[in-house]
Amino acid sequence: MALKIASREVDGVVVLALDGRIVLGEETVGLRDKVKSLLGEGKKKIVLDLKNVTMIDSSGLGALVTAHTSAKTSGATLRLCNLGSRTNELLQLTRLLTVFEVSDSEAAAVHAMANVASAS
């Protein structure tokens, strides 16, 4: 099943609601391309909502790290929210929870991003 990415803007923060699997192939390419295009448009605050992500493999983790790195390089902030228990466990095992900023809900993520204002 292909990864569906729904994009909307809330209080100046772009929220990408991901639905499906983040796995090797078109899913990871699609996610990377979407984040890169947002950064290219000058978007500085991006939230990845993982509520409907059913599976992440090592390539999916790589895509999340690439998105995070691209955002940082562009002077943007990327935050994850709504991690499922499996995704949370995976990020803990790989120690990636120390890399990403994570919020429990989309509202909390948007609020945290709004407070970052234009620190960059």
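Which side chain makes a polar contact with the side chain of S103? The side chain of R79 does, at 2.9 Å. These legends walk through that spot and several others.

Everything here comes from a predicted model, where local features need pLDDT of at least 70 and side-chain atom pairs count only at pLDDT 80 or more, while totals for chains, interfaces and linings use all residues. Residues are numbered from 1 along each chain as its sequence is written, and side-chain values use heavy atoms, with hydrogens and water left out.

**View 1. S103 and its surroundings.** S103 sits in strand β5 (residues 101-103); strands are DSSP runs of E with at least two residues, helices are runs of H or I with at least four, and both are numbered from the N terminus. At 7% relative accessibility, S103 is buried (buried is under 20% relative accessible area, exposed is over 50%, and partly exposed is in between, with a 1.4 Å probe and protein chains only). The 2.9 Å link from S103 to R79 is a polar contact, meaning a pair of N or O atoms within 3.5 Å; within protein, one must be able to donate a hydrogen and the other to accept it, and residues adjacent in sequence count only if both atoms are side-chain atoms. Setting aside neighbours within four places in sequence, S103 is in contact with R79, L80, C81, N82, A108 and A109 (contact means heavy atoms within 4.5 Å).

**View 2. R8 and E106 in a salt bridge.** The closest N and O atoms of this pair are 2.4 Å apart; a salt bridge is a side-chain nitrogen of Lys or Arg within 4 Å of a carboxyl oxygen of Asp or Glu. R8 belongs to strand β1 (residues 4-10) and E106 to helix α4 (residues 106-116), so the bridge ties together parts that are 98 residues apart in sequence. R8 is partly exposed at 36% relative accessibility, whereas E106 is buried at 18%. A search of the whole structure turns up four salt bridges.

**View 3. K43 reaching E9.** Here the closest N and O atoms of the salt bridge are 3.2 Å apart. K43 is in the loop between α1 (26-40) and β3 (45-56), and E9 is in strand β1, so this pair ties together parts that are 34 residues apart in sequence. Both ends are partly exposed: K43 has a relative accessible area of 24%, and E9 comes in at 47%.

View 4. R86 and E89 meet at 3.3 Å, N to O. E89 is partly exposed, at 42% relative accessibility.

**View 5. Strand β2 and its partners.** β1 and β2 run antiparallel and are joined by seven bridges (two strands pair if DSSP finds at least two bridges between them). R8 stands opposite V15 in β2. The two strands form a hairpin with two residues between them, and D11 in the turn has a positive phi of about 50°. β2 and β3 run parallel, joined by eight bridges, and D19 has N52 in β3 as its bridge partner. From β2 the chain crosses through α1 to β3, a right-handed β-α-β crossover: with the strands pointing away from the viewer, the path from the first strand over the helix to the second runs clockwise. Seven of the ten residues of β2 are buried, leaving the strand mostly covered.

**View 6. The largest nonpolar core.** This core has 27 residues, and L18, L31, L48 and L80 have the most contacts inside it. A nonpolar core is a set of buried Ala, Val, Leu, Ile, Met, Phe, Trp, Tyr and Cys residues joined through side-chain atoms within 4.5 Å. The elements giving two or more residues to the core are β2 (13-22), α1, β3, α2 (58-73), β4 and α3. Leaving out neighbours within four places in sequence, the contacts of L18 include L3, I5, L31, L48 and V53.

**View 7. Positive phi at N82 and R95.** Most residues other than glycine have a negative phi. N82 has a phi near 55°, and R95 has one near 60°. N82 is in the loop between β4 and α3 and is buried, at 17% relative accessibility. R95 is in the loop between α3 and β5 and is exposed, at 61%.
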